[in-house]
Amino acid sequence: MARKTKEEAQATREGILDAAQVCFHEYGVAGTSLAMIGARAGYTRGAVYWHFKNKTEILTAMIERERIPFIERLRRTTSSKRNTPVLDLRSALLVSFQELADDERLRNMMEIMLRNDLSVESQAMQELQLEASREELGIFAAAFQRARELGQLREGVDVDTVARIVSTSLTGVLYSAMLEPELFEIRRDGAETLDAILSAFVKPGVFTPGAAPTALPTEDEA
C-alpha cells in the first residue's frame with residue numbers, strides 16, 4: 001500500500017507539472033495561478049500546495065525534469081575513455097535538436113524559458129537558466145579541450161572561444177525558431193549552424209558536415 005501511495009503521489013506531481021507547463025505556455029508565468037494549475041490538472045489547490053509551495057518551485061521542477069536527460073547526455077561528451085569528443089558533442093546536440101523538433105512539450109518548455117514577463121518567478125527562472133548556461137558552457141569547453149589534447153582542433157584555437165560561439169549561436173537558433181517557426185527550423189538550422197562552427201575550428205577529417213549522428217557514449221564510457 002505504501003508503494004502504491006508513493007507511486008500515486010509521483011503521478012499527481014507529474015500531472016501538476018504537465019498542467020503547469022500548459023498554463024505557463026498559454027497564459028504566461030505571471031498570468032497563471034496555482035488554482036489554475038490545479039483546475040487544469042484536475043486536482044484541488046490543496047493538492048498542488050502539498051507538492052509545491054509556489055510557482056517558483058513548480059518552474060524549477062519543470063526545468064529539471066526536461067534538463068536532466070539533456071545534461072547527462074552532454075556530460076558524456078567529455079569522457080577521457082573515448083577519442084571522439086567532437087563527434088560525441090555533435091551527436092548529443094543533434095539528438096537534442098531532433099527531440100525538440102519531435103516533442104511539443106519540450107518546445108513549449110523552451111518557449112516558456114525564453115520568455116520573460118518580469119514576474120518574480122520569471123526572474124528566478126532566469127537565474128536557473130544562467131546556472132544551466134554556465135554548466136553547459138563548461139561542458140562545451142571541456143569537450144573541446146579534450147579535442148585539442150587529441151590534436152583535433154586547428155592551430156591556435158581557443159577552447160573557451162569555441163564554447164561561447166557554440167552556446168550563443170545555438171541559443172540564437174532556438175530563439176529564432178520560437179519567434180518565426182515558418183522561417184527557422186530547429187533540427188535543420190541547429191545542425192547547419194553547428195556544422196559551420198565545427199568546420200571553422202576543427203581539423204578536416206575529424207567529422208563530416210551533414211552526416212547523421214554517430215553512436216552516443218554510454219554510461220560506462222562516461
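Student: Why is Arg67 called buried?

Tutor: Its relative accessibility is 12%. Buried means under 20% relative accessible area, exposed over 50%, partly exposed in between (1.4 Å probe, protein chains only). So Arg67 falls in the buried class. One caution: this is a predicted model, where local features need pLDDT of at least 70, side-chain atom pairs count only at pLDDT 80 or more, and totals for chains, interfaces and linings use all residues. Numbering starts from 1 along each chain as its sequence is written, and side-chain values use heavy atoms, with hydrogens and water left out.

Student: What makes Arg67 and Glu136 a salt bridge?

Tutor: Their closest N and O atoms are 2.7 Å apart. A salt bridge needs a side-chain nitrogen of Lys or Arg within 4 Å of a carboxyl oxygen of Asp or Glu. The pair therefore qualifies. Glu136 sits in helix 7 and Arg67 in helix 4 (residues 55–75), so the bridge ties together parts 69 residues apart in sequence. Helices here are DSSP runs of H or I, at least four residues; strands are runs of E, at least two; both are numbered from the N terminus.

Student: How do you know that Glu136 is buried?

Tutor: Its relative accessible area is 18%, so Glu136 counts as buried.

Student: What makes Asp195 and Arg90 a salt bridge?

Tutor: The N to O distance between their side chains is 2.7 Å. Asp195 belongs to helix 9 (residues 186–201) and Arg90 to helix 5 (residues 85–102), so this pair ties together parts 105 residues apart in sequence. Both Asp195 and Arg90 are buried.

Student: Why does Arg146 with Glu149 still count as a salt bridge?

Tutor: The closest N and O atoms are 3.9 Å apart. That is within the 4 Å limit, so the pair counts. Both residues lie in helix 7, 3 residues apart, about one turn of the helix. An α-helix has 3.6 residues a turn, so residues three or four places apart point the same way.

Student: How many salt bridges does the whole structure hold, and which residues form a network?

Tutor: The search finds 15. Glu14, Asp18, Arg65, Glu66 and Arg105 are linked in a network of them.

Student: Why is Ser122 called buried?

Tutor: Its relative accessibility is 2%, so Ser122 counts as buried. Ser122 lies in helix 7 (residues 120–149). Beyond its neighbours within four places in sequence, Ser122 is in contact (heavy atoms within 4.5 Å) with Val29, Asn116 and Asp117.

Student: What is found at the start of helix 6, and which of its residues are buried?

Tutor: A side-chain oxygen of Asp103 reaches to within 2.9 Å of the backbone nitrogen of Arg105. The buried residues of helix 6 (residues 104–114) are Leu106, Asn108, Met109, Met110, Glu111 and Ile112.

Student: How much of the contact count comes from residues 24 or more positions apart?

Tutor: They account for 70% of the contacts with a separation of 6 or more.

Terms used. A polar contact is a pair of N or O atoms within 3.5 Å; within protein, one must be able to donate a hydrogen and the other to accept it, and residues adjacent in sequence count only if both atoms are side-chain atoms.
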